[in-house]
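The sequence and the structure come first.

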Amino acid sequence: MKVAIVFDNQTRSETTGFYCRRALSRLADVEHLLPSELSEVPESLFNLFVFVDDGLDYPIPEHLRPRAAWAIDTHISFARCISRFGDADWLYAAQKMGASEMQASLGREVTWLPLACDPERHRPISREAEQFDFAFVGHEIGHRRIDMLNRLRASFPNHWVGQAYHTEMARRYSQCRVAFNCSVGGDVNMRLFEAVACGKPLVTDAIGNNGLEELFDLDAHLRCYSDPDSLVAEMERLLSDEPLRRRQAESARQHVVNCHTYTHRMQRILELARKGDDQHVRFSPPPQIRCVLRIRSSRCGCAGP
């Protein structure tokens, strides 16, 4: 199967498409196309075009079919995701609520395909000593995230906060005892998979109604907080109990490596595309709304989406 994966990596090298391309290369004959190259691609050169949301808007030639599209930021730019990817032959959304809302808006099937980790990039680096009580790798955006970070800074002065990518991200996580997450708009973000894949226990906000409890065992894999006081309490609990930190870190890392990698996600895309190709199925808007979310999950995590 010859697959073209389309995303821009000139603006942001750490875009989701980077990990998707690595995963797809293990599963099919893959070529990465930049948006600027699309107009030059002849018809029928590839069996499948996979568009990974990179946050940019560029023209998509109609003849690039069959087409799969993965909308990443429905919680930030829902209208854009609808207009950008709504006519794909197979449509995916990284957020469960985003998939449901896109489905209702478009009147067609949208598959929930959560974000993931790349175990070769997101991994513990054993030579790094634990220098910091907690680390947050990401942007300081949103009032709630900034407020929570400020509370943590005040309570735990020995910390690392900043942006880091690829090997540097793994190094920063390896240098901390506990990783911190705060979503923006209740999204199940990349940090949930990346931090624990790096072998660290994660304290995250209690994200509701967006599938978190279907992807993780909230008792075994994560520590959740609901306000600044419970955040500090959860952080203190982990920092004061090394055996607990180790148990949570090992359990969560094993879970995401077994069930939530980009290889799992790309396998799902190819599986549905091959099935549709066998049945000669192509996108055709149905006359009425169908609400079918194909979610394969269990509390043990052995059959994640």
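## Backbone, packing and cysteines

Asn209 sits in the loop that runs between strand 10 (202-205) and helix 7 (212-215). The model is a predicted one. Although Asn209 is not a glycine, its phi is positive, about 60 degrees. Most residues other than glycine have a negative phi, and most peptide bonds are trans. His166 lies in the loop between strand 8 (159-162) and helix 5 (167-174).

Is each of these two residues buried or exposed? Asn209 is exposed, since its relative accessible area is 65%, whereas His166 counts as buried at 14% relative accessibility.

A further backbone feature is the cis peptide bond between Arg65 and Pro66, where omega is about -5 degrees. Pro66 belongs to the loop between strand 3 (48-52) and strand 4 (67-71).

| Site | Angle | Value |
|---|---|---|
| Asn209 | phi | about 60 degrees |
| Arg65 and Pro66 | omega | about -5 degrees |

Next, the nonpolar cores. The largest one has 76 residues, and those with the most contacts inside it are Leu48, Phe51, Trp70, Leu192, Phe193 and Tyr262. Helix 10 (residues 262-278) supplies the largest share of this core, six residues. Another core lies apart from it and has 16 residues, including Phe136, Met148, Leu149 and Cys182.

What does Leu192 touch, leaving aside its neighbours within four places in sequence? The contacts of Leu192 are Asn181, Leu202, Thr204, Ile207, Leu212, Phe216 and Leu222.

Helix 10 also holds Glu271. With a relative accessible area of 38%, Glu271 is partly exposed. Between the C-alpha atoms of Glu271 and Arg144 there are 39 Å, and the two residues are 127 apart along the chain.

Two packed helices are described by the angle between their axes and the distance between the axes. Helix 8 (residues 228-239) and helix 9 (residues 242-259) pack at about 100 degrees, and their axes are 6 Å apart. The two helices, helix 8 and helix 9, are therefore roughly perpendicular to each other. On the helix 8 side the contact is made by Arg237, Leu238 and Leu239, and on the helix 9 side by Glu242, Leu244, Arg245 and Gln248. By class, three of the contact residues are nonpolar, one is polar and three are charged.

Helix 1 (residues 16-24) is mostly covered, with seven of its nine residues buried. The buried residues in helix 1 are Thr16, Gly17, Tyr19, Cys20, Arg22, Ala23 and Leu24.

How many disulfides does a search of the whole structure find? The search finds zero. Cys20 is in no disulfide, and the nearest cysteine sulfur, in Cys117, is 12 Å away. Cys20 is buried, with a relative accessible area of 0%.

How values were computed
Residues are numbered from 1 along each chain as its sequence is written. This is a predicted model: local features need pLDDT of at least 70, side-chain atom pairs count only at pLDDT 80 or more; totals for chains, interfaces and linings use all residues. Side-chain values use heavy atoms; hydrogens and water are left out. A disulfide is a pair of cysteine sulfur atoms within 2.5 Å. Buried means under 20% relative accessible area, exposed over 50%, partly exposed in between (1.4 Å probe, protein chains only). Axes are lines fitted to C-alpha atoms, for helices over the stretch in contact, and angles run from 0 to 180 degrees between N-to-C directions. Helices (H or I, at least four residues) and strands (E, at least two) are DSSP runs, numbered from the N terminus. Angles under 35 degrees count as roughly parallel, over 145 as roughly antiparallel, 65 to 115 as roughly perpendicular and the rest as oblique. Contact means heavy atoms within 4.5 Å. Ala, Val, Leu, Ile, Met, Phe, Trp, Tyr, Cys and Pro count as nonpolar, Asp, Glu, Lys and Arg as charged, and the others, Gly among them, as polar. A nonpolar core is a set of buried Ala, Val, Leu, Ile, Met, Phe, Trp, Tyr and Cys residues joined through side-chain atoms within 4.5 Å.
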